[in-house]
Amino acid sequence: MNAIADMPSSASNAAAHAQRGAPLIDVRDLRKRFGEVEVLRGVDLQIARSEVVCIIGPSGSGKSTLLRCLAALETYDQGDVRIEGELLGYSERNGKRVRASQGEINRVRRNVGMVFQQFNLWPHMTALGNVMEALLRVQRLPHAEARRRANEMLETVGLSHKGDAYPAKLSGGQQQRVAIARALAMEPHIMLFDEPTSALDPELVGEVLQVMKQLARDGMTMAVVTHEMGFAAQVADKVMFIDEGRIAVQGKPREVFHDAGQPRLRQFLQNYFDRNAFWARGPDDEAPL
């Protein structure tokens, strides 16, 4: 089943925007401070429809803050974030920029779904109940329709048989897949993933990445902050390396991973490969695979 293809058409302004070939996400000179620390220092980012962008970089480089600004979970200080052509977080009044109302923010980000490092499931609700809740409370769907859509999304992530299970009875990978189903149930045009496998045991990472790979094949537009370099190399249309709040390198996976000329990127990748090396001939051998 192609869950993306089955989703209803967008609002007229979003459809017109897409017909013009403009990016779904357009970020210009994005800056964000926490006190005296400038976490984002002039980020420019464009993500086209059905494009998968993986964002990599060291801890503290601003990756998660960037994603949270795209979802309006953080207020940015300068620059533009436009979602399907509409300014997010601010509005123009009498030639001045003012903070938008919460209702306006919610309207602009209505087609953005986000999945976090932690699963954030309600422990007193079943998997099905977790997926249904926003459909009932936010979209105000009739109960039968919310249940139908929630079951469909659980099927999409391979958990149709776990609808009656509570989070405590699910593995970490299953809980994260429920979280993905919950986000997909709102029928987003764009999915943001903030290190979705970082809280999982290694043996559970694969099942979540498989769901994300299928979403990419189905044409979902995705921005993924990740330490899974193999996933980025296989799935991304574009990889961005962020360091000290700036996009230092961006390009196709081969350009970033194999033809990297930027010294900081080479150092980052070498540290990653050193930590994840397996030995070819034994513990005394010095040549990693």
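Me: Which residue in strand 2 is the bridge partner of Val 27?
Reply: This is a predicted model, and in it the bridge partner of Val 27 in strand 2 is Leu 45. In strand 2 there is also Arg 41, which is the bridge partner of Arg 31.

Me: How many bridges join strand 1 to strand 2, and how do the two run?
Reply: Strand 1, residues 25–34, and strand 2, residues 37–47, run antiparallel and are joined by 8 bridges. The two strands form a hairpin with 2 residues between them, and Gly 35 in the turn has a positive phi of about 65°.

Me: What is the order of the strands in the open sheet?
Reply: The open sheet has 4 strands in the order 2-1-4-5, with antiparallel pairing. Strand 2 and strand 5 (86–87) stand at the edges with a single partner strand each, so one side of each is left without a neighbour in the sheet.

Me: And which strands does helix 2 touch?
Reply: Helix 2, residues 63–70, packs on the sheet and touches strand 1, strand 2 and strand 4 (78–83), while its direction makes about 60° with that of strand 2.

Me: Changing topic, is Asp 194 buried or exposed?
Reply: Asp 194, which lies in strand 9 (residues 190–194), is buried yet has no salt bridge, the nearest side chain of opposite charge being that of Arg 68, 6.0 Å away.

Me: Which side chain does the side chain of Asp 194 make a polar contact with, then?
Reply: The side chain of Asp 194 makes a polar contact with that of Ser 64, at 2.8 Å. Leaving aside neighbours within four places in sequence, Asp 194 is in contact with several residues, among them Leu 67, Phe 116 and Val 225.

How values were computed. Residues numbered from 1 in each chain as written. Predicted model: local features only at pLDDT ≥ 70, side-chain atom pairs only at ≥ 80, totals over all residues. Heavy atoms only, no water. Pairing = 2+ DSSP bridges. Contact = heavy atoms within 4.5 Å. Axes fitted to C-alpha atoms, helices over the stretch in contact; angles between N-to-C directions. Buried < 20%, exposed > 50% of the residue type's maximum accessible area, 1.4 Å probe, protein only. Lys, Arg positive; Asp, Glu negative; His and termini not counted. Salt bridge = Lys/Arg side-chain N within 4 Å of Asp/Glu carboxyl O. Polar contact = N/O pair within 3.5 Å; in protein donor to acceptor, adjacent residues only side chain to side chain.
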